[in-house]
Structure formats: structure tokens, C-alpha cells
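Please open the structure in a viewer and keep the selection tool at hand.

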Amino acid sequence: MLENVPILSLLLIVPFVGAMTTLLLGTSPKASKYLALVFSGITLVLSVLLLFNFSLSSTEAFQFRENYVWIQQLGISYNLAVDGISLPMVFLSALLVFLSILFSWDVEERTRTYMGLMLILEVGVLGVFMALDYFIFYVFWEVVLIPMYFLIAIWGGPSRAYASIKFFIYTHIASLVMLLGIFALYFTASPLLGSPSFGMEAIASVAGSFGHDLALIVFSALLFGFIVKMPMVPFHTWLPDAHVQAPTAGSVLLAGLLLKMGSYGVIRVCITTFNDLSHEATIMVALAVIGVVSIIYGAFACLAQTDLKKMVAYSSISHMGIVLLGIATMTELGLAAAVFQMFSHGLITAVLFMTCGMFQHKAGTREIPLLGGLAPKMPIVATIMMIGFMASLGLPGLVGFIAEFSVFTATYNIFDLWVLIPVMSVAITAAYYIWAMQRTIFGDLTTKIDTKHIHDSYWFETVPLAVLIGLIALFGIFPSLLMDIILPSVAPLAAVI
Amino acid sequence: MAIDYSALYPVMVMVVFAAALPAIHAVAKSSRVLAGVSLVGIFVTMALELMYIVSGEYPAAIGGASVELLRLDVFAALFALVFLAVAFYVVLASARYVEKDRHQAEYFSLILLATAGMMVVAMAVDLITLFAGLEVASISSFALTAFRKKDKRGAEAGAKYYVIGGLSSAIALYGISLLYGITGTTNIAGINTVLAGMGSELDIALLLAIGLLIAGFGFKVALVPFHMWAPDVYEGAPDPIAGLLAAGSKKMGMVLLFKVFLVGLIAIKADWQLLAGVLAVLTMTVGNVIAVQQTNIKRMLAYSSVGQAGYMIIALAVATPYAVEGSIFHIITHAFMKGGAFMIVAALAYVALGENIANYKGLAKRAPFLAISMTLLLFALAGIPPLSGFVSKFVLFSAAIDASQIADQNWMFWLAIAAILNSALSLYYYVRVIKYMYVDEGSTKDRIKVPWSMTAAVAICVIATIVIGVWPDPVIDVCEQAARALFAG
């Protein structure tokens, strides 16, 4: 059905045209919102079409490929395609941007710019997940920074100027280190290939004949670029600032999509290109240690937070650590679980940040000590929060459980009983979530803030959350819907040659 | 034998228009008419140069086969186009900027003459013609800087520029005379042949000549430590002229360095490569670090230009065709990015908005087009894709990595590292301006109206910045040809 439709290009063109249309024609807040919703809606429909037309029996590693020479002299191509690793991310991106736009229905300040930036962000994120050429990969990677910078800097909290510039420069420096790695790949691979090429597959095909030391240096440079984005301890300090200051939709996209770009990069670039190196025990242990430190550090940091949103931000660090741990196993199950966890964290964290946003909105504060007993005042918000927290701490039947359980199983297979260390984090996670719930929605109604005007969620808040929770349950009960897509694509990476 | 002067036709067109302007001024006393006539002249010349590039056929060199003086090749034509494009938007922005000044005809006339001088430099294959072109361009720029002679800052800037410019020309000329003394020729390629035949013995006079040439031309490009004049002059000069100096004159300085070092002294490159590398790192670092502290937007842009010159000098240190290709490419993109930023400053100065960065607070609401243009240009300068500055930095920096793979040249890797760190640093002060424009509230929300000609000048730069960024293929192609033409001597 989609044989002759350049659907991947459309996935970039539609939000881009949408952004331009919104910026030009969004003369009133209402017009901007509807324009943005329609264009992101079309993108979502396209991504769903992509999902249903993706062939599980295909022998090709990548599908829907579009490949045109762009800058001949340097060997740069406009090369897009999706496989089982990128497809869930493409769908997640289109979904979260659409829901975030809906959730932002009450943004009245400079709505046109806000909506335009969301759509530009969507172009960048989708481009990262579909690019198979290092040059355009890097272009999209950097394009993402600009709208996110503005989203934080203009619509953010009180210290938004500091947080936005820190986010921008911190992640930009990481990108530049990654760029050095890309240069090194390019100049080392081009003579081996006989012609200059930035193609990911072409470079990966000859990367095995790089010297071991060079491979290690390039691998490290690329990995650094990605783990700052994920972010892994100790390069995580930009994240809490950016999240606390960002507007709700900004946080949803930051945690839901931008962090995934980092872990996606580790899989798509680092371990695909340097597959032999990644199977070495030292590298696997190094990745596992970075992951586990982030899991534990993030979980303990959550316990100490009084700001609900900051707690959720630190929980992201912890949960992204699980992704890296899954990657570190270099087994089929571990890698598939890592991708699954990326998807599941994207859904769950969106629910959590939206909940935080509603608390801010309705109670006027996110400070946990000031809240309490709010469940009767806003039963829907409280219910959603409870489901979100339960999903995040890994309640069986919901999507987070499958991902974490698979990662821990894979970890046990490779690292034996060391798995007990990250597993311990589950207890801490449960502790901080349940404790936070106890203090915010249960117990006696707080007297520290004015609770008279607190009301339940609006329709444009409930609908996106209901959709997300529906998907959390769906993929929790039927994980094979997604696993069947992911597994064939990670299998070649796990195989020891 | 009759001499074929057709290689000089583009320059002649410029000179004829420059000479005609005072006469036209006697009839039509309007800065807009003068600007219009100048634009026609520039446009005709651009068309001529473009015709050469597209057809790939160039007129015969002027001078005999053994003693060529001027040669119009793809390198010369490409740089002529850069200079002409800069002159085009400078004149466009000046149309209203000088409407209340006296001596308007001379103003436009001098811009055309300065451009003609730069074009001669790009064509020169002999040190004498090179120097002649340099002086035509320099003397015109001195006068333009001090154009508003009653303005104290302008007069001071003009005097300073004149003294330093004269001194640096003298230093360079001394270097040229030493080279002539050593090799017995002023032909640039000829010098190289003689030096190549002399073997690798280190001649103290030769080292002195290299030092004098780097210092003399280094002043023109504002290389650290010869950069002190640049911010003062840019700040004091009329705003469009600051754009001409940053985007035009400076690029001419790069051409001087390319011609003398990469053609004339390439045989002994081992003697000066490391020095050029050190100067490159020093220039980019000092420029960017000082730019961070600036509160005046013109000074900030001036120091950022110093930093950008440091990137371009990488090509000198690396001395490969690929690096020069990147450097030429970056010169082209920089001409639009930095020139456009200066044009925005000029447009805002025209409506009496101050030059302090803090005056730009809330600009997004007051002048949405200028604010978004400034944002795009600054992002491009910082090297954020998909804008032109990213692609040109990409080629330039990667050239250093490429060259560092050769044994003995591993240190060039650090050029790329330094350049990349500097790029990250520069993002900080660029984003600060953007933050002022978009995040902070200004004291007033009145809309700012600027003349359409200034808007057009800015629009040209922004469009070029976006188009080259998204579709760099043809430009890279011409840059490669130009770099090869340069190395072919």
C-alpha cells in the first residue's frame, strides 16, 4: 500500500510545513493550536500507517528506505530508513508530540511560536530516529536543541534563563565531542571504502578493520556524546535544572524523546559500528557500571527531593540507567528489553510529567511538603498519578514491568548475581513513589496552601493521559506486539561473529 | 603585441561607476539614487564574474607568459563575487543610512573602489600587483571609516585604522622586498620555484621575511596579537562600513595570506606551518574569550570576527587543498552571517536603538523579522545545523582531522579540538543576545520600523545563510575548484 509513497520524508515534511504554517498563519492562539494539532495529528497517522505496514517477515534490515545523494563531494546522502529499533521511537515521537500539543491547550502566551517550536522539535527528533547518514543524523541531532532551548527559555519557570543556557551548552559540547568521533569515523573509513562516505552502514561495514586503539577512542567519543544526552551520572547535572524549569510539554518531550536520542545513538551508532569491541568484557562491564551507578544514584536522589517534578526528573536518570544496563548485556533479550524500556519510559514519563504539571497548575505548587490529601479534591488526577507511579515502579501487567524484568533477566544471564545491585533499586523506586503519593494525595487535606479553588483535570488533560495509560496497559499485557518488531533488528547486534 | 585587458573588465566596470557617481550627484541629490546606481554597477560586475564561473572560460592573464601580473581564474572570480556580494548589501543598507550626511557620492564611490581593490588582490599573481590592490582597498576603507568626520569616535577610528593600516602595509612591504632580494623575482609562483630549488637551509633573511609578512598581513586579518585595532575601528566606523570591514577587508587579508604563503612559500611550509597553527589557536581563543565579556554588540561581533579569522587560519596551518576549500567556504558563509549581523545592527542604529546588548531586550516583540534574522545568523555563526556556518565549519574542522592522520602532523588534531571548543564557547555569547531578544522584556513594546532597503539587505544575508546551509553542494564544488586553482599556482 505504501510502496511508492515516500512516507519517511512525509514524516519530516508534514511537521515542518505545519511549523511554518503555524508560525505564519497562527494569528490567534486558537488558530495556532488547531493548526499544530492537525499537522501533528497527520504525522501521528502517518507513523501509525508506518507501524502497520512494517513487514515482520522482511529479509531487509531496513525498510521504507529513501536514499539520495546530497553533497556528492563529501559523500553525504539523504538516507532515511527504519528498522525494529527506530520504528517504536518514530511512533513514540509522533504520539508524544501530538499529545503534548493537546495537553498545552491552555498556553495563551505567544501560542504561535510555542506550537511552531513543538513541530520543529518533532522534525528534529524524527530525523534523528530515521537518519542513516552521519551528517544528517548530526544535523537533526543539533536541530532539536534550538526549539527545546526556546521552550525552556520563554515558557519556563523562574530560573529558566540559567537552565536553558546550561542545557544548550552542556549538550552542545557533548554533540561536538560526538562530531569529532564522526570525523574520525569518516576519515578512517573513507580510504577503506575507496570513496568518501558518511553512510552509517557503509562505515559500519569496514569499522571492524580499524585498529583496536583507534576504535576504542572513537567509540568513547561517540559514547560520551550519547550518554550526556541520556543522561548518565556524572554527566546528568543539566537534566534536573532543565526539567524543573521547562514547561510541562517541554519536560514530556525532553524526557520522553530527547533522552531516547541518547540511548538510541548508543545502539544505532556505538554498538552497531563497533560490534566486536562492544562484545569485549571490559566494554560490557564499563557500560553496565555506568548504567548501574545511574540507576542507584537516580533512585537515591529521588528519595531526597521535595519538588515532585525534580523527583520525576531524577527517576528518569534511574530508568535510563536500566536502558544502558540492557545494552551492556549485548544479548538479544537485553538489547530488545533496552529498546522496550525506552518505549515504555517514554509513555510512563509523559504521564508523570503531565501529572506534575497538573499539580503545579491546580495546587499552585509542586512542593511535596505543602501538598497532602488532595485525592478527594481531584480524583482523576490522583488516579492517573497512582497508575503512572505504579507503572514506573514496575507493577506487573503494565509496560514498565516487562522492560525491567527482561533487562534484569538478561543481566543475570551475563553478569550473574551482580544483578542484585540494580534489582535493589526497585525497592527504592517503590519507596519514593509510594512515599510521595502518601504525602501528596492521601492523608488529611493540606492546610499549608489554599485548597478552595483546586479542581480536577480538564478534558484536554484527561484525554492525552487516558490514551497514554491505555497504551501502557496494552503493551504491558501484550508486550509481543512490540517485541516482535524489535527482536529481529537487535538479533544481529547480539550475535558474536 | 597588443595587451589583452579583458581580465580587467570587471574591475573597470567598478571603477567607471565609482568615477561616475560624483557626476551623478551633481544632478540628483539623493542618496537613494546614488545607491541605486552603485547597485547597478555591482550587479553588472557580479553578472560578469558569474558568467566566467558558469562558463568555466577565463580571459587570458595580463602580462607576458613568464611575467604574469593579474590572472582571472576561478579563485579570483569566486572571491570577487564574495566581495561584490558584501558591497551589494552594504550599499543597500547604506541607501538610507547616509541620507543626512554630506559627501554621499564619495561614500558610495569609495565603497566601489575598495571593492575594486579587493578584486585586484584576488587576481594578483605578482607581489607588486598584490600590493597595489591592497593599497587601493585599504586607503578607501580608511576614508570610509572616518566618513563622519565630526563624529569623534568615527574620526578616532579612522585615524587609528589609518596609522595601523599604513604601518602594517609598510611591514608587509618590507617582507616583500626581502623576498625579492632573496629570490630575485616578485612573481609569487616564481618565488616558490626559486625557494624550492634552494633546498632546506634556513636563511635568517627568509625567516625575517616570513615574520614580517605574517605580521603585516596579520594586521589586516586581525590575527592575535595584531588584533587590537579591530574592535575600536568597528565600533567607531559607520555601521554598514563595519560590515564591509568585517566581511570584505578581512577576507581580502585572507586572500593575501593564501597567495603569499600557500603559493609563494609552500615549498618551505615546514618553516611556518606550526607558527600558523599556534596563531590560529591563539586567535580563535582570544577572540572568543574576549567576546564573552563584551556589552557592546559591535565590539562583540568584532571579537567574534577575530575568533572566526582564527578558524580560517587553520587552512594555512594545514595547507592542504581540502582545508583551503573549507576556509574559502567558511569565508563565503561568514561574509553573509557576520555581514548580516552588522546590517541588523545598522538597521537598529538607524532607528536610534543603542548598541548596548541590553538595548536588544524584548526585540522579538518590537521587530520580529530582525530578531528572527539575528537569531538565525547568530546560530549560523555558532555552527548550528542546518545553517551555512555549520557546513563550512564542518568541512574546515574536518580538514584538520584529515591532515592529522599523516605522520609528523598529529598536532593538527589539536587544531580541530581547539576550534570545536571555541565553537562551543562562542555559543554562549551568541545565545545571550538571543536570550535578551526573546526571553527578557524590554522597557517598551513599540514596534520598530526600518527602511525596506535595510530589511532587504538583511534578508539577502539570511536567505543565503539558509540556502547555503541546506544545499551546499554547488558552493562546495566551486570552492574546491578555487582551492585547486590556487594550488596550481
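The tour that follows names what to select and describes what is found there.

This is a predicted model, in which local features need pLDDT of at least 70 and side-chain atom pairs count only at pLDDT 80 or more, while totals for chains, interfaces and linings use all residues. Residues are numbered from 1 along each chain as its sequence is written, chains are lettered from A and ligands numbered from 1 in the order in which they are written, and side-chain values use heavy atoms, with hydrogens and water left out.

**Chain A**

Select chain A, which contains 20 helices and two strands (DSSP runs, H or I of at least four residues for helices and E of at least two for strands, numbered from the N terminus). Its C-alpha trace spans about 70 × 60 × 45 Å along the principal axes. Of its 497 residues, 66% are buried (under 20% relative accessible area; exposed is over 50% and partly exposed lies in between, with a 1.4 Å probe and protein chains only).

**The interface**

Next, display chain B together with chain A. Here 38 residues of chain B are in contact with 30 residues of chain A (heavy atoms within 4.5 Å). The buried area is about 3200 Å², 79% of it from carbon and sulfur atoms; this is the accessible area, with a 1.4 Å probe, that the two parts lose on being put together, summed over both. Select B:Phe394, B:Ile420 and B:Val439, which lose the most area on the chain B side, together 19% of what that side buries.

**Salt bridges within the chains**

Return to chain A and select A:Asp241 and A:Lys166, whose side chains form a salt bridge at 2.9 Å, N to O. A:Asp241 lies in helix 10 (residues 238-245) and A:Lys166 in helix 7 (residues 160-193) of chain A, so the pair ties together parts 75 residues apart in sequence. A:Asp241 is partly exposed, at 23% relative accessible area.

Then select A:Arg366 and A:Asp307, a salt bridge at 3.1 Å, N to O. Both residues are buried.

Finally, in chain B, select B:Glu355 and B:Lys298, which meet in a salt bridge at 3.7 Å, N to O. B:Glu355 is in the loop between helix 13 and helix 14, and B:Lys298 in helix 12 (residues 297-318), 57 residues apart. Both belong to a network of salt bridges that also includes B:Arg153, B:Lys160 and B:Asp232.

Terms used:
Salt bridge = Lys/Arg side-chain N within 4 Å of Asp/Glu carboxyl O.
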